[in-house]
Structure formats: structure tokens, C-alpha cells
Amino acid sequence: MPVLTTRSVLRRSMLLASASLLAGTGTPTAASAAALPGHDGEALRTTPPPGWRNAYLPQERAQSAVVGGLSQLTGDVPLLGQLTLGAAELAFGHPGGRVRAAVAFLEPRAEREWYALDGVARARPLAQALLLAALLDDPRDFGGVDLVGRLEQLGAVGDTSTRALAARALTTAGSDSAAERRDDLVGQQCGGGWWTVQPGTCDGAAPDVTATAQAVLALREAPEPASVTAAGAGLDWLASAQGADGSFDDGLVLPTALAGRALGEAGRSEPAGRVAVWLRLAQASHQRDCGAKIPVGLVAPSRAAYGRAIEPGLPAGYERTWLPATAAASHAMRFPPRGDGSWPRLKAPAGYQRGGSVGRFVAAGVPALMEVCLTLGDTGVLARADEQGRVVVRTRLPRAGGSVRVRLLAYDRKVVRRSERVKLLQARRLTVSLRAPVIRPGGRQVAVVRDLAPQERVALRYRGRIVARGLATEQGVLRAGFDVGRGTGREPVVAVGRFANRRGSAVFTLAPASGR
């Protein structure tokens with residue numbers, strides 16, 4: 001009986017799964033494990049410990065959004081390949097059914113539809129295909145093609161990011177030419193620690209975040225000291241180039257996420273954590289509860305693009321921009337800051353509130369910049385925490401009386417729900433009855449007010465001033481007495497509840513006793 005290796009078993013399962021990808025029936029899987037954030041200066045492991053599962057929900061949902069979108073991309077093989085690579089890297093050798101199915105679908109089509117154009121291999125997609133095959137399949141026989149040999153034959157070509165990706169792919173595949181490619185990459189580094197878009201342009205071109213991050217990923221775990229030193233200088237430059245808000249390149253998601261990944265995998269937890277926090281600004285966190293039309297977990301290519309899509313939903317052709325941004329972000333989101341946020345707390349307006357008025361709700365302890373959903377009965381409001389984890393929402397309360405449930409939905413390590421009840425009072429005519437319809441001057445009258453809410457505050461007004469205050473009983477009744485004073489004639493008594501639109505009145509006659 002032939003012996004099946006782990007790689008051959010995986011390859012067979014991929015072939016069996018390809019039909020489910022084409023039919024769109026691949027089974028969604030929970031997000032694969034991801035590296036825990038480390039301390040500054042502590043290198044992170046690239047393989048998680050056995051049995052460990054990622055517990056950071058924003059990253060898990062981003063990763064699930066990418067994996068869930070693979071079956072929709074069979075008509076765009078290059079994009080499918082790029083996203084499958086991103087999902088496979090996060091699987092740490094244990095891909096779910098949809099990733100395996102995507103690889104099985106790609107393998108027979110890779111040369112014709114992915115990395116070759118008119119029979120000529122192109123460096124960047126070829127490096128992507130090689131890296132994918134090296135992670136999950138046989139890079140020497142992927143669709144009948146020796147991808148390692150193909151990439152070696154091309155030599156060091158393309159821009160800096162392409163060369164870095166090729167060096168990383170050849171290193172992962174164990175190619176003999178990997179060291180030469182890394183040396184070429186080290187030789188292209190500029191004096192300040194960065195790389196430029198095109199190699200050999202340090203004198204006239206600006207530093208480039210994407211090129212630098214790709215080079216760091218290719219060199220950081222190399223065996224030769226020169227590569228490690230170059231990667232360290234690149235990491236130092238990336239940390240210095242980070243914006244005050246945590247982003248890179250004026251707030252573009254792709255370069256920001258790539259830089260965050262490079263910093264995080266190298267154990268630079270402070271700048272990597274700031275990237276993970278900033279990426280929340282472009283991620284859809286809620287859908288059904290707050291009426292957002294963006295699928296949960298997706299990350300927009302920029303904050304502006306996210307804002308434009310909240311109401312109308314995703315633009316046509318979103319797959320080409322939103323899914324790559326989500327895939328890149330899912331790598332960087334593995335490194336949220338430790339101690340980020342606490343147990344969220346929700347404070348709703350206390351006591352009775354006037355129906356139809358504007359209520360103020362405050363939440364604290366929310367992870368910084370996290371989007372939350374505040375639901376009030378059947379309506380929802382999207383809001384975002386500030387950098388101190390505080391959310392303030394002002395929204396109109398329902399006009400009807402009674403009580404309404406207010407719920408805060410947020411997530412970090414898990415979905416968090418906090419709820420309070422707001423008691424509402426609507427406009428109402430109160431019933432006021434008097435003990436004596438006629439009373440002599442100087443006497444004492446007793447008023448009974450009904451149709452109040454339990455424990456509602458009530459004031460009795462007589463002759464333009466408040467003569468009694470109190471709280472209604474649990475049955476909604478208040479009984480209060482007051483001195484009527486001197487004079488004669490008809491005198492009104494007005495009862496005003498918690499709000500001015502809740503009132504009632506009654507009239508009595510002030511007259512001397514008969515017979516005098």
C-alpha cells in the first residue's frame with residue numbers, strides 16, 4: 001500500500017473540494033488561528049501552538065469575509081489566487097474547506113489564467129502562485145509546472161515589491177537561489193532604512209511603505225545577518241513613518257495593513273497595535289441591527305470608501321478593492337494592543353423621559369475607535385468610540401409611553417451586549433378631583449390626581465404658585481392638601497406631571513359659609 005504524506009493527503013482533499021467551490025457550496029469555516037501580539041522586541045512565532053484559536057473577533061470576521069468570498073471569484077483567477085494566498089497564509093498549514101477548494105480550482109488554471117500572459121510568466125503573480133503552492137501544495141508540481149524553476153529562470157525582475165515577494169516565495173520553497181534574491185534586495189535598501197518603488201532609485205525617489213514592508217517580510221527570518229540587519233532598519237523606518245493616527249500613506253488601507261503586518265510579525269507591538277486600532281475605522285462591524293448594508297467583517301480600501309458605502313451598500317465591482325483590503329487587514333488585525341478596552345458599560349438616561357425627546361446615551365470601556373451599534377426598540381444607530389473608548393449617542397426617543405429596551409452591541413474578544421431600559425412618558429390629560437366642590441375661605445382643600453405613571457413626580461399649582469409636590473403611588477395616584485387662602489369665586493387647581501404635556505385641572509368655588 002502506498003504511503004500517503006501529509007502533503008499528498010491535503011492535495012487529494014483539495015481535488016475533492018473543488019466541485020463545491022464551483023457550486024458555491026464550500027462549507028464556511030471558523031477563522032484559523034493567528035499569532036498573538038507580542039511584547040516589544042519579542043519575535044512572534046509564525047505557527048500558533050497546537051489547539052490555539054484566534055479570539056480577536058474583528059480579525060476573525062475579516063478573515064471569514066475573505067474566505068466566504070472565494071467561491072464568488074471563479075471568473076477572476078488572478079484575484080482568486082491573490083486572496084487564496086492571503087487566506088492560506090493565515091491558515092498556518094491547516095486551511096478550511098473553501099481554501100482547499102480554491103487551491104484545487106486554481107491548480108489546473110494557474111499557468112493559463114493566472115501567472116502567464118501569452119505563455120510568458122509574469123513575476124508578481126508567479127511569485128504569488130509559488131508562495132501559495134509552497135504553503136499548501138507541491139511548488140515543484142503545481143498544475144504540472146515547476147513554479148520554483150520558473151521563478152528562478154526569470155531572475156530578479158520587476159519593482160521592489162515584486163522582487164521582495166519573489167524572494168519570500170523562493171525562501172519558503174527552499175530554493176537554492178533564495179539567498180541571491182535576498183542579497184539583491186538588501187543591496188537595493190536606501191540609507192535611511194527604506195526601499196523605493198523601483199530598485200536603484202534611492203537618490204531621486206521617495207520612500208515607499210509597501211516596498212519597505214514587503215522587503216521586511218522577505219528578509220526578517222533569513223539566516224544571514226545582513227538580511228536580518230536590513231529588515232531591522234526597515235522596521236525602524238516604518239515605525240518612524242507611521243502617522244499620528246496609526247495609519248500609513250495618508251490613510252490607505254493596503255499599505256497601512258501591510259506595514260502593520262510587518263511590524264506585528266517582528267514583535268513591534270506598539271506601532272502594530274496602533275495599526276490594528278486604526279483599521280477598525282474602515283471595517284463593517286454591524287449590519288442587521290443598525291441597518292448598514294455592508295457585510296460584516298469587510299474592510300474598505302479607505303475610510304472614505306467605507307463612509308460612502310454605509311447607506312447605499314457596496315459599489316459594483318467591490319471585489320477588486322474591498323476583498324484585497326480585507327485580506328491585507330486580516331493579517332494586521334492579529335496584533336491588537338493588549339488591554340485594549342475593558343468591559344463596556346452603557347449609561348442610559350435615568351428616570352422618566354419625555355416621549356419624542358432626544359435622549360443621550362453614553363458607553364465607556366469600548367475598544368478605541370471601535371464601531372458600535374446602539375439599538376433603541378426597532379431602530380439602530382451606528383456610532384464609533386473615541387480614542388479613550390467612549391461613545392456618546394444622541395437620538396430621538398419613541399413618542400409612545402411605556403419602556404423601551406436600549407442595547408449596545410460591540411465586539412472585541414467576543415460579541416458584547418449591554419442593555420438598559422428607558423421609561424417613556426407620552427402626552428396625557430391627568431384626572432384631577434377635589435374633596436370639596438365648595439369651600440370657605442381659609443379652609444383646606446384636598447386634590448386627588450390620577451392617570452399618573454408609578455412614582456411620577458407631580459406638582460399642584462394654585463393661584464400661580466406650587467402648593468404641593470409629591471410622587472405618585474405604584475397605582476399612579478397622588479393625594480395632596482393645600483390651604484385655599486382668602487377671597488371668593490371660582491378657583492382652578494392644575495396638576496402637572498413629570499413633563500408639561502402631562503397635566504389636568506379641576507375647579508372649586510371659594511365662598512363663605514351659608515347663613516352668615
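**Legends to close-up views of a predicted model**

View A. A pocket here is an open set of points, on a 1 Å grid over the protein atoms alone, where a 1.4 Å probe fits and which has protein on both sides within 12 Å along at least five of seven lines, and lining residues have an atom within 4 Å of a point; the points are joined across faces, edges and corners, and the volume is the space filled by probe spheres set on them. The model is predicted, so that local features need pLDDT of at least 70 and side-chain atom pairs count only at pLDDT 80 or more, whereas totals for chains, interfaces and linings use all residues. Residues are numbered from 1 along each chain as its sequence is written, and side-chain values use heavy atoms, with hydrogens and water left out.

**View B. The lining of the second largest pocket comprises 26 residues.** Nearest the centre of this pocket lie Gln82, Gln128, Gln214, Leu254 and Ala328. Two or more lining residues come from each of α3 (77-91), α6 (123-136), α8 (160-173), α10, α12 (253-265) and α15 (319-332), and α3 contributes the most, with 7 residues. Helices (H or I, at least four residues) and strands (E, at least two) are DSSP runs, numbered from the N terminus.

**View C. A disulfide joins Cys190 to Cys202, with an S to S distance of 2.0 Å.** A disulfide is taken as a pair of cysteine sulfur atoms within 2.5 Å, and the structure holds 1 such link. The pair links distant parts of the chain, with both Cys190 and Cys202 in the loop between α9 (178-187) and α10 (209-219), 12 residues apart. The link of Cys190 and Cys202 is left-handed, with -90 degrees about the S-S bond. Cys190 counts as buried because its relative accessibility is 6%, while Cys202, at 28%, counts as partly exposed; buried means under 20% relative accessible area, exposed over 50%, and partly exposed in between (1.4 Å probe, protein chains only).

**View D. Gly243 is placed in the loop between α11 (225-241) and α12.** Gly243 has a relative accessible area of 22% and is therefore partly exposed. Between Gly243 and Arg274, which are 31 residues apart in sequence, the C-alpha to C-alpha separation in space is 9.7 Å.
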